[in-house]
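Please read the sequence alongside the structure shown here.

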Amino acid sequence: MDCVIDNCVKESEVEDLTGYCKKHEIASINLKNEFENWLIAYGSDYTMKNYLERIVNDDDINKGMFVIEVAKYRIEQQDWN
Ligand SMILES: [Zn+2]
């Protein structure tokens, strides 16, 4: 099975239920870890939805292409966990 991210032709990890390939899986983990830092910095009422939208839209935030792709995918899926 291909990675769930649009235009990504890498194979997803078979034993991994997220459907991401290795690079997007790592980006997804980094994204989650960074959210924990944001909760500490901005307060625990900061939501995953706000966070993902800022990752996608705010050019001042330093982030990789894989991270942006995962954030976009999660917004499409309305995955706020
Ligand atoms: Zn991928």
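A nonpolar core is a set of buried Ala, Val, Leu, Ile, Met, Phe, Trp, Tyr and Cys residues joined through C-beta atoms within 7 Å. In this predicted model, the largest such core has 14 residues, and those with the most contacts inside it are Ile-5, Ala-27, Leu-31, Ile-55, Val-67, Val-70 and Ala-71. Helices α1, α2 and α3 each supply at least two residues of this core, and the largest share, five residues, comes from α3. Ala-27, leaving aside its neighbours within four places in sequence, is in contact with Gly-64, Phe-66, Val-67 and Val-70. In soluble globular proteins, nonpolar side chains tend to be buried together.

The protein contains three helices and zero strands, and its elements run α-α-α from the N terminus on. Its radius of gyration is 13 Å, close to the 12 Å that the globule rule gives for 81 residues, so the protein is as compact as a globular protein of that length. Taken along the principal axes, the C-alpha atoms fill a box of roughly 40 × 25 × 20 Å. Of the 81 residues, 23% count as buried, and among contacts with a separation of 6 or more, 29% join residues 24 or more positions apart.

The average pLDDT of the protein is 91, with 96% of the residues scoring at least 70. The table gives the elements with the lowest and the highest mean pLDDT.

| Helix | Residues | Mean pLDDT |
|---|---|---|
| α1 | residues 22-42 | 93 (lowest) |
| α3 | residues 65-76 | 96 (highest) |

Notes
Residues are numbered from 1 along each chain as its sequence is written. This is a predicted model: local features need pLDDT of at least 70, side-chain atom pairs count only at pLDDT 80 or more; totals for chains, interfaces and linings use all residues. pLDDT is the predictor's confidence in each residue, from 0 to 100. Helices (H or I, at least four residues) and strands (E, at least two) are DSSP runs, numbered from the N terminus. A residue is buried if 20 or more other C-beta atoms lie within 10 Å of its own, exposed if 12 or fewer, and partly exposed in between; C-beta atoms are placed from the backbone. Two residues are in contact if their C-beta atoms, placed from the backbone, lie within 7 Å. The radius of gyration is taken over C-alpha atoms; the globule rule is 2.2 Å times the number of residues to the power 0.38.
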